[in-house]
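Subject: Structure for you to look through

Dear colleague,

I am handing over the structure that I have been reading, and I would be glad if you went through it slowly with the notes below beside you. Please open it first and then read on.

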Protein chains: 2
Amino acid sequence: MAVIVSQDHSKKDTVTLHDVAREAGVHASTVSRALDPARDFKVKESTRQRIIDVAGRLGYRPHMVARWLQSGRTATVGIVVADLGNTFVTPIIHGVAGSIEGAGMLAIVAETLDDHARFKNILDHMLSRRVDAVVAISARADDQEILESAGRIIPVVIAARPLDETVLRQVVQDDVMGGESAAEHLVELGHRRVAQLRGPDDVANFARRAMGFSRVCRAHGVDEIELGDQARRPIISEGKRLTEQLVDRVDELPTAVFAHNDLMAIGALSVFGSAGLRVPGDVSLVGYNDLPMVGLLSPPLTTVRYPSLEVGQRVGEVVLQLLAGHDAEDIIIPPTFVVRESTRRVGSASLTRVAGAGPGS
Amino acid sequence: MAVIVSQDHSKKDTVTLHDVAREAGVHASTVSRALDPARDFKVKESTRQRIIDVAGRLGYRPHMVARWLQSGRTATVGIVVADLGNTFVTPIIHGVAGSIEGAGMLAIVAETLDDHARFKNILDHMLSRRVDAVVAISARADDQEILESAGRIIPVVIAARPLDETVLRQVVQDDVMGGESAAEHLVELGHRRVAQLRGPDDVANFARRAMGFSRVCRAHGVDEIELGDQARRPIISEGKRLTEQLVDRVDELPTAVFAHNDLMAIGALSVFGSAGLRVPGDVSLVGYNDLPMVGLLSPPLTTVRYPSLEVGQRVGEVVLQLLAGHDAEDIIIPPTFVVRESTRRVGSASLTRVAGAGPGS
DNA sequence: CTGTTAGCGCTTTCAC
DNA sequence: GTGAAAGCGCTAACAG
């Protein structure tokens, strides 16, 4: 009575093409042909059946690595992200993985932690691994050169964080339009005095959001309060810090605030709360990204939806297209504005809402 | 004046070991030795320098695929997840990726979408790709056989969703203890009448949470209301459905509810709100997982923290250990109970909280 | 239709 | 210390 104590991974069971060939009484190359749907018509049906049979019986599993060495391709896409802990990137990976899997490709993922040296290492490593293409999510400006040099060897697609002036294909969202839509919404609600909580402006997304927002404000003669500072990173604590500056240092507070992303908006929400300011009663607040749970905050956050999943899917499609030898266009996806309850017509009475109430007037 | 219209990926630039050898006037095997830190002592320092020099100048990049074919290993770990869209799995991947990268390994990710046939395909594919190890996050009971059969070839580690009775190594969290801690917390607050919103009981996690919770209730003579139904999937809408049953069908409502995960708790929160029941004023609510934003809900959710990141890290360590030929122990990580504001001493006055207020009495 | 012959780029004996 | 040769498992070109 055998007792299995643990796994042993006895290497002996590697069945090769030759094993199948010997067992089926044919040459290895015949087996190779018989098992490849693209060439199996070159093999007599009866032997083909016999080979498939033997292969199944022996538990033959193709050794892709050998195939790769021969073909020079690996059916693998390398995805480089700054930080997997950022809930923003996951849907993009999800989208990419989903759209390349139809082509039998898998994604391999590595994190740069926003470190330039690590970025270089990772890209080098991926090229050594002979990935067929690279997707860079959240590349920084310093990484551009490395990416373009990799782009001379295999297709490289930039996702989410746009690069200015590059030959690389990009799939991004229209941040300018996103900033504009936030401003337009506030203008429509009658706001005449607003402020932005700016993300780091060396990230093109934030610079563009700021630009779109300001442009619309200017066009409508809306006063924009300049904080003269920006978040060092687009995170909750920095949103708090900027909002504190706003509350402490500004004489006449704005009636509406546009945070460059939801995390900063959450920070703002918390500071406003501590300062006794009601959202949206005293100040309206708009975020950016539409993270999974911001619709459940109190109040549910009005925000610009970043279509991460779609970005990922389109990236996957672009990769496949490039791999097929066709060129591809840059893709710019328009954002959607999501109106929830953190914004309100300026000066309107502060009505108490009843949860689950029907459609208001 | 040349204008670059697009990327061209001219394959010609693949520098091989032989190219370096020729250029350096030595044999390929010497280059191989010189470039491998583990064997470079076998090469005269001067030639070693020359080789490194030439390699750098030519832009030589090792062809890992060839190395893999030779060595039989790929420095790759396959991670199989049910759904990348589930925010719960990301930190686990994050953790795994982080702890294996020190060994120069990368993770490749594939989604099963909780489909058994897909699961089989993916595992087959990964074995064909010759991954060195497989990590299964959220495997289902039907997948066990496939996993164990793969486990005879390479190390397979089960993460997060435990399997009963298996030779495979597991890294999970102690769900029984998690259920117990929820019950203990409620008992301490004086609750005598409680209910569970159960997740699907073919997932061991939920069955165990239920068990721990009930055990403590019984020990303290606390009444547990049985809904006689469970969520079909552990998601918001199912949390709503079960809570509606509770509100509609039960004569005397419980004073506290234990939702088997945060998503269901969020569903409950919404139904309680619509029914005019205040949390925690009228009913206390405990969730499970401590998803990123539940601390920002209104009220901030009391919950059991699931240490996803740590689970991932430990999984990575176990993988490395197994790969090194050592056996490894199963790892069971104790949960942490996070008290926030969705639970309250039963019958205590419904005091209005001021956001950001100091430490209460 | 099927077998033979060469490699893909690298590591690994075994000589010298 | 270094070179020569063999081979990892597979596919591709060429015969027959």
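Helices (H or I, at least four residues) and strands (E, at least two) are DSSP runs, and they are numbered from the N terminus. What you have is a predicted model, in which local features need pLDDT of at least 70 and side-chain atom pairs count only at pLDDT 80 or more, while totals for chains, interfaces and linings use all residues. Residues are numbered from 1 along each chain as its sequence is written, and chains are lettered from A and ligands numbered from 1 in the order in which they are written.

A residue is called buried if 20 or more other C-beta atoms lie within 10 Å of its own, exposed if 12 or fewer do, and partly exposed in between, with the C-beta atoms placed from the backbone. B:Thr243 is buried, because 28 other C-beta atoms lie within 10 Å. If residues up to four places away in sequence are not counted, B:Thr243 touches B:Leu197, B:Gly267, B:Ala268, B:Val271 and B:Phe272, where contact requires that the C-beta atoms of two residues, placed from the backbone, lie within 7 Å. The C-alpha atoms of B:Thr243 and B:Val257 are separated by 9.3 Å, and these residues are 14 apart along the chain.

Next, the two protein copies. The same surface serves both copies, since 100% of the contact residues of chain B recur in chain A.

The contact itself takes 49 residues from chain B and 49 residues from chain A. On the side of chain B that touches chain A, two or more residues come from each of helix 4, helix 5 (90–100), strand 2 (106–111), helix 6 (116–128) and helix 11 (262–274) of chain B, and strand 2 of chain B gives the most, with 6 residues. By class, that side has 27 nonpolar, 15 polar and 7 charged residues, where Ala, Val, Leu, Ile, Met, Phe, Trp, Tyr, Cys and Pro count as nonpolar, Asp, Glu, Lys and Arg as charged, and the others, Gly among them, as polar.

Now the DNA. Of the 23 residues around DNA strand C, those that come nearest are B:Leu17, B:Ser29, B:Ser32, B:His63 and B:Ala66; a residue is near a strand if its C-beta atom, placed from the backbone, lies within 6 Å of it. The largest share of the surface near DNA strand C, 4 residues, comes from helix 4 of chain B. Around DNA strand D there are 23 residues, of which A:Leu17, A:Ser29, A:Ser32, A:His63 and B:His27 come nearest, and helix 4 of chain A gives the most to that surface, with 4 residues.

The buried residues of helix 3 of chain A are A:Ile51, A:Val54 and A:Ala55. They cover an arc of only 100° around the axis, which puts them on the same side of helix 3 of chain A; the arc is that of the directions from the helix axis to the C-beta atoms. On the other side of helix 3 of chain A, A:Glu45, A:Ser46, A:Gln49, A:Gly56 and A:Arg57 are exposed.

Lastly, some backbone details. Most residues other than glycine have a negative phi, and most peptide bonds are trans. A:Arg130, however, has a positive phi near 60° and lies in the loop between helix 6 (116–128) and strand 3 (133–137) of chain A. A cis peptide bond joins B:Val279 and B:Pro280, with omega about 5°, and the bond from B:Ser298 to B:Pro299 is also cis, with omega near 0°.

With best wishes
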